[in-house]
Amino acid sequence: MPPTNGKPPRFTKDLSDPVTVPAAAIERATEIMRGGRLFRYGEFKGGISEVAALEREFADYLGVSYAVAMNSCGSTMFAALKCLDVMPGDPVLVNAFTLAPVPGAIEHAGGQSVFVQCNEDYCVDLEDLEHKAISSGARVFLMSHMRGHLADMQAVRALCSRHNIRLIEDCAHTLGASWAGQASGTFGEVGCFSLQTFKHINAGEGGILTTNSEDIAARAILYSGSYMLYAQNGTPPAEPVFERYKYTTPNCSLRMNELVAALARPQIGLLQQRAELWRERYHWLEESLAQIPQVSLPRRPPEEQHVPSSIQFSLPGLDGTAIAEVLARCKADGVDIKWFGRETPVAFTSTWKHWRYVKVEQALPETEKMLGGLCDMRIPLSLTQEDCQVIVAVLADAITEVAKA
Ligand SMILES: Cc1ncc(COP(=O)(O)O)c(C=O)c1O
């Protein structure tokens, strides 16, 4: 139990510290910069590009046939929607609890986001999914495993096949995670991963689309901007597959550059070790948070193997004013906790209510209630068990002080 008698010490680490980039990656990136060949495609010289090598290694890591590197996860989601033939105005199912690049990708592809409610464990509500699948007529579900919370994937898959819905997984927060032993990103037709700084692999920016479909892979490579150099991809389908699409697929210039791949490649082998460190830190925080009566934590089913680079908890008994006050006190004591219940979008945190470009009016009372109390904190790998206790003590103290006021 965190100390409750007396004011806890101020927390001094930066919760936004990213994972560090290994020395081998920095050396390789420097070497590439010296040579000047920063673009993945080349016309005259043979040899495999850094991006192609990343594609091969990532596909092997995930156990899929094809990986297509792009400049962000947002780009991979856009390309995935295009590959599944989302047309302007088409409804696309998406969790209401997600971050801005997800409805952004739907908008980019010309689709209309149809938000599906999320439950108190922060996962998609399967009943609402079924209801919206029927009422919207959507043919695609862009499922965001937001903050690494995995819903029952067998049930999701069964529901999608019952309603003829094609599944794309947004795995920006689930690289290395699995459900019942199966890797996240392999349940749908397409998996979309992020290599952005605050994700499990830190390459600054970057995304990887994965699939077992040769048609989706060929189309994604062409959309990503391969020109007619698509055979230089790390996992290219055979030429006849490209022949089917090369005259009808626009080059959308979503390519990854060589530096990003050089930074990312050596981190694939570190994923397992990082996952263990994140789980350990999550467990320390979860255990201490569970002792604060006002805090509620999500149920994490045994099938879920998560890789928690952040932790979420709710303060269900506190109203908005009290939560704002608690979090302001935490911040003053060095603990930066984000909150999904703010009226206005702040920093990286915005919610479905702020995405006003989505024109179809939607009512999501359960999600609104859930988000109203939902707090969110990054877990840097530098946290010690003692740090976790200090963080929780700061929160416990803030809750106590606000209750007194
Ligand atoms: C849930 C979720 N999906 C997708 C993305 C998009 O990733 P990227 O920044 O690589 O486009 C993000 C980015 O933070 C995210 O949080």
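**Figure 1. Helix α3 and the shell around the ligand.** In this predicted model, α3 contributes the most to the shell around the ligand, namely three residues; shell residues have a heavy atom within 4 Å of the ligand. Both α3 (73-83) and α4 (101-108) supply at least two shell residues each, helices being DSSP runs (H or I) of at least four residues, numbered from the N terminus. The ligand has 17 residues around it, of which Gly 74, Asp 170, His 173, Ser 194 and Lys 199 come nearest.

Figure 2. The side chain of Asp 170 places an N or O atom 2.7 Å from a nitrogen atom of the ligand. An oxygen atom of the ligand lies 2.7 Å from a side-chain N or O atom of Ser 194, and a ligand oxygen is 2.9 Å from a backbone N or O atom of Cys 73. Of the 390 Å² of accessible area that the ligand has on its own, the protein covers 91% (Shrake-Rupley method, 1.4 Å probe).

Figure 3. Asp 60 and Arg 56 join their side chains in a salt bridge, with an N to O distance of 2.8 Å; the term requires a side-chain nitrogen of Lys or Arg within 4 Å of a carboxyl oxygen of Asp or Glu. The two residues belong to α2 (residues 50-62) and stand four residues apart, about one turn of the helix. The structure contains 24 salt bridges.

**Notes.** Residues are numbered from 1 along each chain as its sequence is written, and side-chain values use heavy atoms, without hydrogens and water. Local features need pLDDT of at least 70 and side-chain atom pairs pLDDT 80 or more, whereas totals for chains, interfaces and linings use all residues.

Key. Polar contact = N/O pair within 3.5 Å; in protein donor to acceptor, adjacent residues only side chain to side chain.
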